Amino acid sequence: HDNLVVLGIETSCDDTAAAVVKSNGEILSQVVSSQAELLAKYGGVAPKMAEEAHSLVIDQVVQETLDKANLTERDLSAVAVTIGPGLSLCLRVGVRKARKIAGCFNLPIIGIHHMEAHALVARLMERDLQFPFMALLISGGHNLLILARDLGQYIQLGTTIDDAIGEAYDKSAKWLGLDLRRSGGPAIEELAREGDAQSIKFSIPMKQHKDCNFSYAGLKTQVRLAIESQKINAEIPISSASTQDRSSRADIAASFQRVAVLHLEERCERAIQWAKKMEPSLKYMVVSGGVASNQYVRTQLDQVVKRSNLQLVCPPPSLCTDNGVMVAWTGIEHFRMGRFDPPPPADEPEDFV
Ligand code: KG4
Ligand code: ZN
C-alpha cells in the first residue's frame, strides 16, 4: 500500500471540495469551490440551496481536480468521500458522485467521518505525529476535544452542550454587519485587530463546571445584548459605518474573540491533564477545523500546549477549513488498514443514494 493514489470528495457543508493525495503524503491537486458568496446573500446555510449549489459544481470540481493532477479515474486506487456528519442533502451529492466514479472504474470506496478527517490531516503535515495524540476540533458545527489512541480509537473528552465556536463567530459577524462573503470567522478576526479586547467584560462560559465541555450559546447572547445596548445597526454595513461606530464594533469583536478563545484555553488545559493520566507518553496536540485557521486562536493555544510540555500541530489554514485533502488522506489511512468497501455496481441508479 505504498503507492496509493486516492481521490477525496467533501460536500458536507457549504464548500464543494476535492483532492488527489498519494500515500507518501504528496498532494497532487486540490480544488475548493465555496458557496460563501451565495450564502451571504441569504444570511446563512439553507440546505436545499446548498444542495443545488453542490450539484451544480460537483462534476466540474472533480474533473478539475483530476486534470490538475494530470490523472484520469483509471490512475486512482480508491475514492474517499465524507459520509457525515453534515447536511444530509449535501452529503448525498458527494456520495452519489463518489459511487458513480467507483462503480464505473471498479474502485474501492471509503466512507469518511468529517471530524476524523479534520484530525488526521495533521498526520499528513507532521509525519512524526504518531498515536496517541490529542485533538481540539473547532468548526462551524462542532467543538470536540478527543484523545486519539489509534486509528478509529477516539475517546471524547469534551464536546459542546449547545453551539460550536464557529457558529458564535458567524452570528457575531452577522450582527455586527460584517462582510460575510468569505465567512464570519475571518471577518471577526480582522476587525478584532482594531479593537480593545478588554473593553467589554463578557463572562467566560461554564467557569463553574470543572469538565472539558463547551458552551457558546450564552456568549452569543452576550454579544447580541452588547450590540443592542450600543445601538449598532447591522443594516449599516461596516464599510459605511462612522469612525465611532466602527471602533465600537471592533471593541465587541475583540472582546468576544478574547473570551471565546479563553474558553478554549481553559478546556484544553484540563483535557491535557486528563489525557496525560490515560496516556503518559502523550507528546502532541492537534488543533484543526475552520476556526483553527485563526491566528489569534493558534497563538493562544500554542502557549497552553507549550505550558503543558506538548507540541502543537496545526495544519495550514487551507487544510483547517473544509477541504478534499483531509478526506483523501483519511481514506489512505483507512485503506492501508483494510477498511474500505468494494466497488459499487457500475449500473447503480443515480437515486440509489
Ligand atoms: O471546518 P469548517 O470549514 O466547516 C465546518 O465543518 O463547519 O469550519 C467553518 C467555520 C465557520 O464557522 C467559520 O466562520 C470558521 O470556521 N472560521 C473561522 C476562521 N476561518 C473560518 N473562525 C475564526 N477565525 C477564522 N479565521
Ligand atoms: Zn469542517
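Trainee: Which helix does Gly166 lie in?
Mentor: Gly166 lies in helix 5, where helices (H or I, at least four residues) and strands (E, at least two) are DSSP runs numbered from the N terminus. This is a predicted model, in which local features need pLDDT of at least 70 and side-chain atom pairs count only at pLDDT 80 or more, while totals for chains, interfaces and linings use all residues. Residues are numbered from 1 along each chain as its sequence is written, and chains are lettered from A and ligands numbered from 1 in the order in which they are written.
Trainee: Is Gly166 buried or exposed?
Mentor: Gly166 is buried, because 25 other C-beta atoms lie within 10 Å. A residue is buried with 20 or more other C-beta atoms within 10 Å of its own, exposed with 12 or fewer, and partly exposed in between, the C-beta atoms being placed from the backbone.
Trainee: And what is Gly166 in contact with, leaving aside neighbours within four places in sequence?
Mentor: Those residues are Ile138, Ser139, Gly140, Gly185, Gly290 and Val291. Contact requires C-beta atoms, placed from the backbone, within 7 Å.
Trainee: Which residues come nearest to ligand 1?
Mentor: Gly140, Gly166, Gly185, Gly290 and Asn294 come nearest, out of 19 residues around ligand 1. A residue is near a molecule or strand if its C-beta atom, placed from the backbone, lies within 6 Å of it.
Trainee: Which helix gives the largest share of that shell?
Mentor: Helix 6 does, with four residues. Helix 5 (165-175) and helix 6 (184-192) each supply at least two residues.
Trainee: What is the shell like by class?
Mentor: The shell around ligand 1 has 12 polar, four nonpolar and three charged residues. Ala, Val, Leu, Ile, Met, Phe, Trp, Tyr, Cys and Pro count as nonpolar, Asp, Glu, Lys and Arg as charged, and the others, Gly among them, as polar.
Trainee: In which sense do strand 6 and strand 9 pair?
Mentor: Strand 6 (residues 133-138) and strand 9 (residues 284-288) pair in the parallel sense, over four bridges. Ala135 has Val286 in strand 9 as its bridge partner.
Trainee: Which residues touch the most other members of the largest nonpolar core?
Mentor: Val286 is one of them, along with Val79, Val81 and Ala328, in a core of 109 residues. Helix 8 (residues 243-278) gives the most to this core, with 13 residues. Such a core is a set of buried Ala, Val, Leu, Ile, Met, Phe, Trp, Tyr and Cys residues joined through C-beta atoms within 7 Å.
Trainee: Which peptide bonds are cis?
Mentor: Among them is the bond from Gly84 to Pro85, with omega near -10°. The bond from Phe131 to Pro132 is also cis, with omega near -5°, and Pro132 is found in the loop between helix 4 and strand 6.
Trainee: One last point: what is the phi of Asn70?
Mentor: Asn70 has a positive phi of about 60°, although it is not a glycine. Asn70 is exposed, with 10 other C-beta atoms within 10 Å, and lies in the loop between helix 2 (47-68) and strand 4.

Methods:
Pairing = 2+ DSSP bridges. Contact = placed C-beta atoms within 7 Å.
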